[in-house]
Amino acid sequence: MNLLKRRLPCLVVAAITLFTATACAPARNISDTGLNVTVTTTMLLDLTRQIGGDCVNVHGLMGSGVDPHQYRASAGDVIKMQQADVVIYSGLHLEGKMGEVLSSLESYGKTVICAADGIDEELLIQRDGVYDPHIWFDVTLWQKAAEEVARGLSAADPANAETYGKNLASYTERLEELERYIGAKTSELDGEQRVLITAHDAFGYFGRAYGFTVMGLQGVSTAAEAGTSDVSRLAAFIAENRIHAVFIETSLPVKSIEALQEAVRSKGFETRLGGALYSDSLGDGRSGEDSYIAAFKHNIDVMVDGLKGE
């Protein structure tokens, strides 16, 4: 605990102190009120609701438009995780600045589910010794994450395991339908049109699964900023290959893509903004794209229309 205190912000240390003081509190009767679940990202918020249904009360820490790479847990967040029956996070260092907090919860016996644990290592993309955490951009991998969440909820709440299994089966059917939708939409693009350029390299799994070349100004984490040489190199590629559209991300500032556009313009070519994509966050209720499936359909529609020049 002394090491943890030296490394975490004071507010978070105070919250973890509260956790240690209450970790041995008597467990409540889950069946009376439903399983209380706290999740990190908006993608997991939707996934847990799909699998848990009426058996769970789900609280998400990160709202729409929040960048999970840069998110820091507040003292209030840690208390919410402490009070939950189950905490679910994505993993593969997506919630990089929350790693120590999540580890502390596990060390004190809190039920913690890592969605990425359901995916075999050989299916993960690795770059420079780091796994790409954006697993939800391959629907088949997201299905494996759903299976992991269902297993974890069933273990924490065996009385409702059958319900979680049925909900998983229903959700799997909807994911298979989404796969068919993606296939139909991407078939509208020729191979040379399948070049996706975004603010950060979040779409590697998408590119591998659906036959796109993907490039981002920043790496798989937004913690590493793009330099002048990165902008110049990507601008040269766009101009040389006459890529007519680049895409912004709803969880990142638009200025980096605007700088890229300007660099392309300086090379005698004009590329436009193809639209805004959901990358590390889903939409909100007002957009109607606050579910994984709706957000993915939005993305594929925007991509295809932008790359076709419509």
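**Close-up 1. Packing of helix 10 against helix 11 in the predicted model.** In this predicted model, helix 10, which spans residues 228-241, packs against helix 11, which spans residues 255-266, at an angle of about 60 degrees and with the two axes 8 Å apart. Helix 10 is therefore oblique to helix 11, and the crossing of these two helices is right-handed. On the side of helix 10 the contact is made by Val231, Leu234, Ala235 and Ile238, while helix 11 contributes Ala259, Leu260, Ala263 and Val264. By residue class, the contact of helix 10 with helix 11 comprises 8 nonpolar residues, with no polar and no charged ones.

Close-up 2. When residues up to four places away in sequence are left aside, threonine 111 touches Asp85, Val86, Val87 and Ala156. The C-alpha atoms of threonine 111 and glycine 152 are 8.5 Å apart in space, although 41 residues separate the two in sequence.

**Close-up 3. Residues 1-29 and the confidence of the model.** For the chain, the average pLDDT is 87, and 86% of the residues score at least 70.

Methods. Residues numbered from 1 in each chain as written. Predicted model: local features only at pLDDT ≥ 70, side-chain atom pairs only at ≥ 80, totals over all residues. Heavy atoms only, no water. pLDDT = per-residue confidence, 0-100. Contact = heavy atoms within 4.5 Å. Axes fitted to C-alpha atoms, helices over the stretch in contact; angles between N-to-C directions. Helix = DSSP H or I, 4+ residues; strand = E, 2+ residues; numbered from the N terminus. Parallel < 35°, antiparallel > 145°, perpendicular 65-115°, else oblique. Left-handed = near helix turned anticlockwise from the far one by under 90°. Nonpolar A, V, L, I, M, F, W, Y, C, P; charged D, E, K, R; others polar.
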